[in-house]
Amino acid sequence: MLEKYNFSEIEAKWQRHWEETKAFKVVEDPDKEKYYVLEMFPYPSGKLHMGHVRNYSIGDVIARFKKMKGYNVLHPMGYDAFGLPAENAAIKNNVEPAEWTWSNIEEMNRQLREMGLSYDWDREVATAHPSYYKWMQWIFIQFFKKGLAYKKENPVNWCPSCQTVLANEQVVDGCCERCGTLVGKKNLSQWYFKITDYAERLLDNLDTLDGWPNKVKIMQRNWIGKSHGAEVEFKIQDRDETLTVFTTRVDTIFGTTFMVLAPEYPTVLDMVEGTEYEAPVKEYIDRCAHMNEIERTSTTNEKTGVFIGQYAVNPFTGKPMPIYISDYVLMGYGTGAVMGVPAHDQRDFEFAKKFDLEIIPVIDPEDPEIDLKDLKEAFAAEGKVINSGEFNGLDNVDAIQKVAEAAEERGIGKKTINYRLRDWLISRQRYWGTPIPMIHCDACGWVPEKEENLPVMLPTDVEFTGKGESPLATSKTFIDTVCPICGKPAKRELDTMDTFLDSSWYFLRYCDARNDEAVFDKDKVDYWMNVDQYIGGVEHAIMHLMYARFFQMALYDLGLVKDEEPFKNLLTQGMVIKDGAKMSKSLGNVVSPAEIIEKYGADTARLFILFAAPPERELDWSDKGVEGSYRFINRVYRAVYEYKEKYAEGAANSYEIKTEADKSMAYWMNYAIKKVTDDVGERFNFNTAISTIMEMVNEMYRYKEGEVNEALYGEVVKNLIIMLAPFVPHVTEEMWDHLGYEGSVHEQSWPVYDESALVKDTIEIVVQINGKIKEKINIPGDLSREEMEKIAMEDEKVKGLTEGKNVVKVIAVPNKLLNIVVK
């Protein structure tokens with residue numbers, strides 16, 4: 001009697017076996033080619049969602065397939081364990097962040113093991129563990145020594161709800177990306193990384209990343225935001241001071257009639273001190289401090305500003321021009337000083353109209369609809385240069401070059417390149433993060449903790465108020481220390497690191513996760529790196545991937561790694577949606593992986609999620625699709641167990657083709673091996689690979705209705721189990737074991753197809769008359785167009801179709817169809 005497919009027993013059995021035997025443990029082997037496959041590690045929220053299941057299932061298929069192809073495969077997992085949710089949980093539920101985090105990790109470990117994922121758990125890392133953040137602090141100190149880490153006071157993005165600083169990238173539409181609260185500005189002394197030193201390399205190296213999606217590379221290019229232009233010096237009248245302006249349109253400098261500074265410009269208050277302008281300027285600066293960047297740069301806002309009582313001299317015309325401060329100029333872009341060219345910039349035009357400032361067109365567009373003497377709005381600066389002295393008559397594109405050269409010759413400017421990318425603000429006023437290993441001494445300034453004293457441990461005697469400064473400030477044991485240089489009393493840094501630092505090098509730590517003596521062994525990292533296939537959501541296209549690339553480059557410069565880029569290939573998987581929308585509690589369309597696994601098993605969950613859509617596309621959840629996947633596994637299970645009962649004694653390593661049915665079955669087996677190998681190994685088209693296996697199973701069911709060649713059928717069953725193994729690892733392991741094969745199915749070599757079996761003696765082609773299908777005929781395979789046409793036209797069925805008609809044209813598509821055009 002056929003044994004029932006009991007997925008819960010089967011899956012639990014093989015999960016225990018894999019764990020007990022450490023089936024997926026891996027070590028460096030110089031005699032084998034390595035393959036490092038990595039999915040982005042999760043935040044330990046406590047529960048897996050379907051996005052996790054999709055991400056990890058994709059990675060697991062690749063890992064298992066590559067192992068069967070003979071690679072030495074590294075496939076690790078860990079947790080991005082620091083972060084705000086743990087701290088918020090501590091405030092809300094009166095539980096320690098560590099307790100909340102480790103409890104969630106334990107629960108997620110259990111869920112990941114239930115999925116049957118082939119991780120080397122001996123390499124597991126959690127960024128909140130001292131054994132990890134010790135080396136995070138060590139890396140920080142190396143960056144500090146190299147001049148990449150520095151502290152400065154700056155207006156920063158401040159979330160009043162989270163009570164923490166946010167990087168520019170974490171402000172979305174003027175609001176905190178985590179809680180949605182409107183973000184304001186606050187002056188704080190913060191730690192920064194000089195990622196701008198790497199702007200050009202981050203940009204140039206994108207051209208070497210052939211295995212990355214273009215859309216991700218475009219997003220990174222846009223974020224780095226390289227622009228060619230010129231810096232020009234404008235002297236302030238009657239002051240020993242100049243304003244430096246970056247512009248991409250230096251050709252319009254003769255049209256500059258005023259200057260605008262950001263309200264935060266560092267010398268504004270000095271320029272108005274003790275003058276009648278001091279009070280209104282201070283009042284305006286205070287008003288701007290409560291506005292976010294979106295409000296300040298909105299093109300629909302009425303232009304506002306304040307004259308500061310000073311004038312700048314146009315270096316080309318010698319004219320004095322009034323200097324204003326206005327909210328539409330930001331310190332974060334360019335130099336914080338802008339030359340106002342109202343004829344050719346709409347914001348400048350509106351500002352000039354508001355404050356009754358001169359408007360001088362310096363480009364003639366030769367457009368009859370534009371009245372240069374009475375402009376109604378600014379117009380694009382494209383055409384011939386006018387009102388610009390010696391540069392009149394030049395095309396504006398040529399003028400950009402000529403004016404820049406003139407500025408350099410006169411010592412009032414230079415050609416330069418500007419980047420949108422800003423240095424990375426890494427300080428956070430939170431508890432649950434890596435302590436910054438820096439100490440402030442009144443005598444020595446900021447100095448790093450001695451490396452032998454690492455890690456600087458997070459204290460446990462802290463209070464979580466959710467307000468004000470870092471919770472570390474409430475600790476009685478943390479802040480006071482001694483200077484590592486002079487030994488005098490000193491104070492520890494109270495900020496912790498942005499959690500993006502932790503995820504910027506975890507892939508390196510996986511290579512040597514249990515090393516207590518060093519951040520990692522260089523030989524081990526050199527063996528495994530770089531990551532051959534990285535997998536994660538496109539939402540990480542800018543921040544995480546940019547920061548990880550920066551870390552890798554900096555570590556390369558420190559001589560710690562051999563590769564400048566961490567990730568050779570990148571796959572960004574699509575979201576899992578239901579009823580046309582992203583799964584969310586508020587919409588009530590969340591499907592829990594735990595429910596699916598309990599009802600159908602992990603293999604079914606994996607199979608459906610891999611079959612339902614190509615990995616880079618959105619996947620629309622379907623309950624019917626899940627049931628269909630479950631039925632297919634049952635169908636395979638029945639076929640294998642029936643084979644064991646009826647034919648297993650006839651299994652052999654070789655087979656002989658005896659009938660046409662044998663030939664067809666051998667064709668399908670070899671076709672499936674070829675197609676699945678290509679789909680999984682070359683394109684990650686898991687859905688079409690599974691579809692091909694399903695077709696092969698249909699052929700198996702048809703074949704076993706007739707006379708069965710036991711040796712051939714045994715080979716078909718064996719290859720079916722091996723090909724399915726990366727997708728549904730538990731049930732294939734069970735079937736492999738049931739058939740009495742030695743070892744694990746996951747240790748087997750991937751099958752190789754027989755090219756000769758793919759050559760069909762005869763094939764079925766479609767015959768069309770004037771584009772309409774009329775007949776199907778069998779002819780020899782692999783004929784040329786001419787041979788195919790000759791044989792087909794002599795076929796009795798075809799003769800009957802064309803009898804009495806004038807054949808105008810014959811279109812032959814080898815091995816597929818013949819279209820006969822008749823009148």
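Begin by selecting helix H15, where 13 of the 15 residues are buried, so this helix is largely enclosed by the rest of the structure. The model on screen is a predicted one, and every stop below should be read with that in mind.

With H15 still selected, find its ends at residues 543 and 557. From its first C-alpha to its last the helix reaches 21 Å, which is close to the 21 Å expected at 1.5 Å a residue. Step past the end of the helix to Gly559, which follows H15 and has a positive phi, near 80 degrees.

Next, select residues 50–68, which form helix H2. This helix has 19 residues, and its reach of 27 Å from first C-alpha to last is close to the 27 Å expected at 1.5 Å a residue. H2 is mostly covered, with 17 of its 19 residues buried, where buried stands for under 20% relative accessible area. Beyond this helix comes Gly70, whose phi is positive and near 100 degrees.

Now clear the selection and pick Tyr150, a residue of strand E5, which runs over residues 149–159. Show the residues around Tyr150: leaving aside those up to four places away in sequence, Tyr150 touches Gln190, Trp191, Tyr192, Phe193, Lys194 and Asp423. Of these contacts, look in particular at Asp423, whose side chain is joined to that of Tyr150 by a polar contact of 2.6 Å.

Over the whole structure, a search finds five cavities of 30 Å³ or more, and the largest cavity has a volume of about 200 Å³. To centre the view there, select Leu84, Arg178, Arg428, Arg430 and Thr499, which are the closest to the centre of the largest cavity among the 16 residues that line it.

Which elements supply at least two residues each to this lining? They are helix H3 (84–93), strand E6 (164–166) and strand E25 (496–497), and the largest share, three residues, comes from E6. Colouring the lining of the largest cavity by class will give five nonpolar, six polar and five charged residues.

Notes. Residues are numbered from 1 along each chain as its sequence is written. This is a predicted model: local features need pLDDT of at least 70, side-chain atom pairs count only at pLDDT 80 or more; totals for chains, interfaces and linings use all residues. Side-chain values use heavy atoms; hydrogens and water are left out. Helices (H or I, at least four residues) and strands (E, at least two) are DSSP runs, numbered from the N terminus. Contact means heavy atoms within 4.5 Å. A polar contact is a pair of N or O atoms within 3.5 Å; within protein, one must be able to donate a hydrogen and the other to accept it, and residues adjacent in sequence count only if both atoms are side-chain atoms. The expected span of a helix is 1.5 Å times one less than its number of residues. Buried means under 20% relative accessible area, exposed over 50%, partly exposed in between (1.4 Å probe, protein chains only). On a 1 Å grid over the protein atoms alone, a cavity is a set of points where a 1.4 Å probe fits but cannot get out, and a pocket is an open set with protein on both sides within 12 Å along at least five of seven lines; lining residues have an atom within 4 Å of a point. Grid points are joined across faces, edges and corners, and a volume is the space filled by probe spheres set on the points. Ala, Val, Leu, Ile, Met, Phe, Trp, Tyr, Cys and Pro count as nonpolar, Asp, Glu, Lys and Arg as charged, and the others, Gly among them, as polar.
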